[in-house]
Amino acid sequence: SIYEMFGNECCLSTGEVIKIIGFKINKLIASICENNEVSRFSAKVELPLNFPGLYKVVADKTPYVSIEEITRKVSIGPTRFGHPCFYSPEDIKLANLTIKHGEQITFNSVEKVNGTMAVNCSVVRNNQSHSFTLPLSQEGKFYECEDDQIYTLKEIAEWKIPKCRNRIVKLSNTLHTWDSSNPLPENFDGCLILTPVYEVQAVMKFRKDIVHILSDLDVEVKDITDCYDISSFLQPLSLEDVFERTSKEFPMVAEIMEGPSGSQKPYNLLHTGKEIVIYKKYQATRVLASEIRSDSPKRHFLIPMSYKGKFKRRPREFPTAYDLEIARSEKEQLHVVATKAFDSPHKELFSVSVGDQFLVQQCQTSEVLYEGRKKVIDVLACEQILSDTYKKVLLPMYMEGGFVEVIHDKKQHQLSEICKEFRLPFNVKVSVRDLSVEEDVLAAVPGLQFEEEITDSYLLISSTSSPVESWEIPVYRLNMSVHLLSRDVQTFVPPATKTTVEEISEEQYYMVRRYENQTLHPPPRPPKKPT
């Protein structure tokens, strides 16, 4: 059988031995869902895994009948997504703990305990986590818990579609404006039933790459696992697999089986067949930054703390008085100018004209007369700057106006200094580019908002052929497979480390923010007008 996949012709000859290393969802067939069923009027559409948008998973109403069935059909693993939650409608009595009916059980890992396969589980009671194990032989009804997390389609395909089941998802947030090429209806915000289409991942005896075979390929195969030495095949590892190795196993030499896409260094150096040294695994801090612009899409960056450029402050914009209260700091007084007029409905509070300047003081309460009755509301105490004096005024916290910060600080700041001295979010522009890199992508951006500090997982690698510098590569944002070589590392000390500013997609931006905040909640909104 000869077929072509991703532009590469692959020949499966009669008698060829193939080692199946996994199954992977290649694409999804989506149907619009009504009342947990496919709509009679819905046409099936094909969605690639990189289809934009963020989705919530709808809990499956069909129960699992044993712990063994859950481990067979549901992804349980060490990554952020590999901890599914279930509940039982009946109490589960264990030796030293009773799991109450309806209590959320988190499945953490599967391992052998006293010679019996079991799942390490936990429940949270009064903010305390209690760990226990459930044997695979445990029977009963187990239902999925509701999940308030949001996911990309790729994450759902990899972690949230159980084997032999479909998955219902609800569109949570579209990341792009609708256009005619979008297979979903315009302004669609309902539920979809996703049916996976699988591909088989395999390795062959005399090939060093991973072969992808569509599950509907018409070819006959025979299982020879019990009578063949499978140790002669290469064992592909993802970056997550490498990261899960113990620290004592590093450094290690590996050959790339599938390299990442991208022209940015070092990704353009990581091609199939290249040998690399993986020195260590670790967590590193990055500053998440977004381009300041009114139209979309914005560019997003992860900036390492070792970035050597310098920044000058740029004024922030505040849509409400409430945002002024959030932004004010004890270290320096917030000075703003009004860009929008506001006519106060209460004589006790100040009416703002365009061009009025204020020094923000503090939040307090004030009594106002509203329809003949006295009411206490939250207000923001400020000093209005006049030509030769200051006037104390009160602005209602619900005031929807517009303010722009007046910057008095003309200094140039290092990234680490900004993170230490100021509260994020913080607006800047590169004033001195990072001269240690060939091209500083931040230097061309007219304005940046530093949003938050995040912690992420990295591997430190270098080339075996020319180890003049080492690179940090992100574990969870790089699709790359390697196999380990049984060769000793020549030096345990990595060469000088090159850290780069990483530009990330809009989907990755939401993922990074979600990891840091667990669930993306909307920002707090200002109080409403008294009624």
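**Chat: buried charges and cores**

Reader: Glu 144, buried or exposed?
Author: Glu 144 has a relative accessible area of 13%, so it counts as buried. Keep in mind that this is a predicted model.

Reader: Ok, and which residue does Glu 144 form a salt bridge with?
Author: With Arg 167; their closest N and O atoms are 2.6 Å apart. Arg 167 sits in strand β15 and Glu 144 in strand β14 (residues 139-144), so this pair links distant parts of the chain, 23 residues apart. Arg 167 is buried as well, at 3% relative accessible area.

Reader: How many salt bridges does the structure hold?
Author: There are 21. One of them joins Asp 60 and Arg 165, with 2.9 Å between the closest N and O atoms. Asp 60 is in the loop between β6 (54-57) and β7 (64-66), and Arg 165 is in the loop between α2 and β15 (167-173), so the pair ties together parts 105 residues apart in sequence.

Reader: What about Lys 392 and Glu 383?
Author: Their side chains meet in a salt bridge too, 3.5 Å from N to O. Lys 392 counts as exposed at 69% relative accessibility, while Glu 383 counts as buried at 19%.

Reader: Which residues are linked in a network of salt bridges?
Author: Arg 313, Arg 316, Glu 332, Glu 405 and Asp 409.

Reader: Where is Asp 434 found?
Author: In the loop between β29 (426-432) and β30 (448-463).

Reader: New topic. How many residues are in the largest nonpolar core?
Author: That core has 25, and Leu 324, Val 336, Val 352, Phe 358 and Phe 403 have the most contacts inside it. At least two residues each come from α4 (321-327), β24 (335-338), β25 (357-370), β26 (373-385) and β27 (390-396). Another core, of 22 residues, lies apart from it and includes Leu 47 and Ile 161.

Reader: Last one: why is α2 largely enclosed?
Author: Helix α2 (residues 153-160) has six of its eight residues buried, so the rest of the structure largely encloses it. Among those buried are Leu 153, Trp 159 and Lys 160.

Methods: Residues numbered from 1 in each chain as written. Predicted model: local features only at pLDDT ≥ 70, side-chain atom pairs only at ≥ 80, totals over all residues. Heavy atoms only, no water. Buried < 20%, exposed > 50% of the residue type's maximum accessible area, 1.4 Å probe, protein only. Helix = DSSP H or I, 4+ residues; strand = E, 2+ residues; numbered from the N terminus. Core = buried A, V, L, I, M, F, W, Y, C linked by side-chain atoms within 4.5 Å. Salt bridge = Lys/Arg side-chain N within 4 Å of Asp/Glu carboxyl O.
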